[in-house]
Amino acid sequence: MSAWYKQIFLWGQTNLTEDDPEKCDLGFWIDYWKKTGVEGIIINCGGIVSYYQSRFEMQYKAAMLGDKDYFGEWNKAAREAGLAVVARMDINATTKKMYLENPSWYCVDKEGNPILSQGRYVACVNGGYYQKFLPRVFEEIIEKYHPNGFADNSWAGLTRATICYCDNCRRKFREECGLDLPEKVDWENPTYRRWVRWNYELRVRNWNFYNEVTRSAGGEDCRWFGMLNADPFDTGGRFYDIRKLAEHSEFIFCDHQGREDHYGFEQNSVNGNLFRMIAGEDVTVAESMAHYYKGVRTFRLSAAPRQEVRNWMLSGVSGGIAPWYHFVGGQTADRRKFEISDDLYRWLGERKLYLSNRRNCASIGLVWNQESAVYYGRDKGKVYSGYPFYGFAKALSKAGIPFVPIHADDLDKYADRLEVLILPNVAILSREQEEKVICCLEAGKGLVMTGVTGLMDEDGEERVEEGLLWHYLGLKKTGGMIGAGDDTKADWMHHDAHNYMKVDGKCQLLEGLENTDILPFGGRVVRTESCGSLKQAMHLIPSFPIYPPEFAWIREEDEHFAMVYTGTLSSGARVVYMPADLDRCYMQYVLPDLGKLLENAVRYAADGRIPVQVEALGQVHLDAYMQEDRLILHLLNFCGCDGPIGSVVENLPVGPVKIRIQKDVADREAVSLITDRKFQICRDGNEFCISLDRLEEQEMLLMRIN
């Protein structure tokens, strides 16, 4: 029989608060487990707050634990209900009492003062708390309760914004790197950059170490899975090398509880596919999905809007995520929380056969690596790397074009299924990564590339000369960047961001934009030239006054300052290069013209090779999978869902919706996995088409492929 973490799909967590041992009705939760059909639960156990009677007196007990074994009570009830149990830990900080007894375990500043977080003392990942004490706690919990495994919140310690100067860090950094710790946070200092790399390495070591401990004490399948954020461009400065950690895990707990400002619901589909493409498409990714209000402000005990949570959950499921409901506190004052997703859980339990063991069949690869965000983006990794990536994700989702996130190291692994690569300001590319991109181009696959992709070395500094990819494409950087950055003032009194781009002659990227010669921009562009197959398609109109309106006229055009290049290589590969950060601007400022231009660039590069797509008047997100000879299409209606985070109370029904399929469909009808209704499949030239009169929340269609 396969390991428990390969079998469980429906997860739940009641994140216990310190007063729950006195005030929570466990019977309510036992009934809720039955109502939702949940298969595994995560229960608070030890670390920052202990919910059991530990022989280690230094572990802080929940304020109202008393003499109870509260973890034991939940564990017993869950076992009797036939559920898998994961012991939740939170190991980053402890009480003053523990610090005073073991000061060498803790992070300190340059003056030797302990570093605190919310009144607690932050333990060092190199100290005795992480390396000696916690392994004994894991062993105790396994001995007493035999949990299936462990999840761990805030396990990664301090962020890169704070340097620990404890004796353990000083000694270890000198032994392993031959250097003294950096004096301060300073990206220009090579020692600081080496310290950053070293810390990423430490977290991978601890990840593997804790798994050695739990497997030794609890058996081969007793795993420590930590928790990971799914956004490689913004981990809050925490030292998560997402790809390396996912490679070391056969199951992933994703702590990414809701959408963020600037992002749409499509982000959660990206989250799931991103993890699954690096860890393996057979690996389960369970994600904590908050049912409390998480908007512009957060209210932990109040219910979120029902549709906000459902859209986020369904987007994750569409991207291959196993659902994991998350409530804070075991009490039930706001009973609306428990009516949000219980029906979804029951449906997912009935249909989980079609939600795993499947292969994403998108032909568009949205390429990323974390190095570009960390070492080039540095303190603005989200802006310089994340916004370009998610700008394309948003544009493709709105266009109904399926895509899949691909790490730059994995291009050869997935090349057989990809027709287009998108490199959204992937500033740092190793020689091996560049070679993989070139190999795809030589095979005739399309490319869309933006910004300073491939122009930086491993430290995020400008290369002395362009790398392999730029030489292959016949491109050369001839100057710096001009225009408006993300922090440029942009109002009627400051016009630096009031710039445009102008079309050069006949451009192949203007479908839906035909009746204009200029497009709004508002960003930055790097000066380049092309001596190869790529030809300039648009040029820069530099900024000019926006107020008073009489002054709002174009002073000059820089006709040799290219904004967009297009062309076809000798291999037949179609290429679009945008020296301008149009993807970042679209994500940050949501200019519809730029979103359409990104979509058109991908369509041009694909040259018709998009196996499945959807057409609708609003945003219908589509993920497409093959499962043996079955094609599974998951459609999500996000029409009217562009409001502030946490605010969506309803979707706007949309119709008609048309699905175009280039694969050889064997069936004459597609079956709905939502309602069991059947939809006719019609041939339209070289494509097969399915039409839906109306789409409300979601649809999931199943058909056979020859």
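Is Asp667 buried or partly exposed? At 19% relative accessibility, Asp667 counts as buried, where buried means under 20% relative accessible area, exposed means over 50%, and partly exposed lies in between, with a 1.4 Å probe and protein chains only as cover. The legends below describe a predicted model, in which local features need pLDDT of at least 70 and side-chain atom pairs count only at pLDDT 80 or more, while totals for chains, interfaces and linings use all residues. Residues are numbered from 1 along each chain as its sequence is written, and side-chain values use heavy atoms, with hydrogens and water left out.

**View 1. A salt bridge joins Arg704 and Asp667.** A salt bridge here is a side-chain nitrogen of Lys or Arg within 4 Å of a carboxyl oxygen of Asp or Glu, and in this pair the closest N and O atoms are 2.9 Å apart. Arg704 belongs to strand S33 (residues 698-704), whereas Asp667 sits in the loop between strand S29 (657-661) and strand S30 (669-672), so that the pair links parts of the chain 37 residues apart. Helices (H or I, at least four residues) and strands (E, at least two) are DSSP runs, numbered from the N terminus. Arg704 is partly exposed, with a relative accessible area of 40%.

**View 2. Arg243 and Asp409 meet through their side chains in a salt bridge.** The distance from N to O is 3.8 Å. Arg243 lies in helix H8 (residues 242-247) and Asp409 in the loop between S16 and helix H14 (411-414), and these two residues are 166 residues apart. Arg243 is buried, with a relative accessible area of 15%, whereas Asp409, at 29%, counts as partly exposed. In the whole structure, a search finds 55 salt bridges.

**View 3. Eight strands make an open sheet with parallel pairing.** The order of the strands is S8-S7-S3-S2-S1-S13-S10-S9, and two strands are said to pair if DSSP finds at least two bridges between them. At the edges are strand S8 (223-224) and strand S9 (251-254), each of which pairs on one side only. Strand S1 (residues 11-15) is joined to strand S2 (residues 40-47) by three bridges, with Trp11 standing opposite Gly40 in S2.

**View 4. Strand S13 is mostly covered, with eight of its eight residues buried.** On one side are Ile321, Pro323, Tyr325 and Phe327, and on the other are Ala322, Trp324, His326 and Val328, all of them buried. In a regular strand the side chains alternate between the two faces of the sheet. S13 pairs with S1 in the parallel sense over five bridges, and Asn15 stands opposite Val328. S13 also pairs in the parallel sense with S10, over six bridges, where Ile321 is the bridge partner of Val285.

**View 5. Nine strands form a second open sheet, in which the pairing is mixed.** The order is S16-S15-S17-S18-S25-S24-S23-S20-S21. Strand S16 (404-407) and strand S21 (518-520) stand at the edges with a single partner strand each, so one side of each is left without a neighbour in the sheet. Strand S20 (residues 500-503) runs antiparallel to S23 and is joined to S23 by four bridges, and Tyr500 stands opposite Ile541 in S23.
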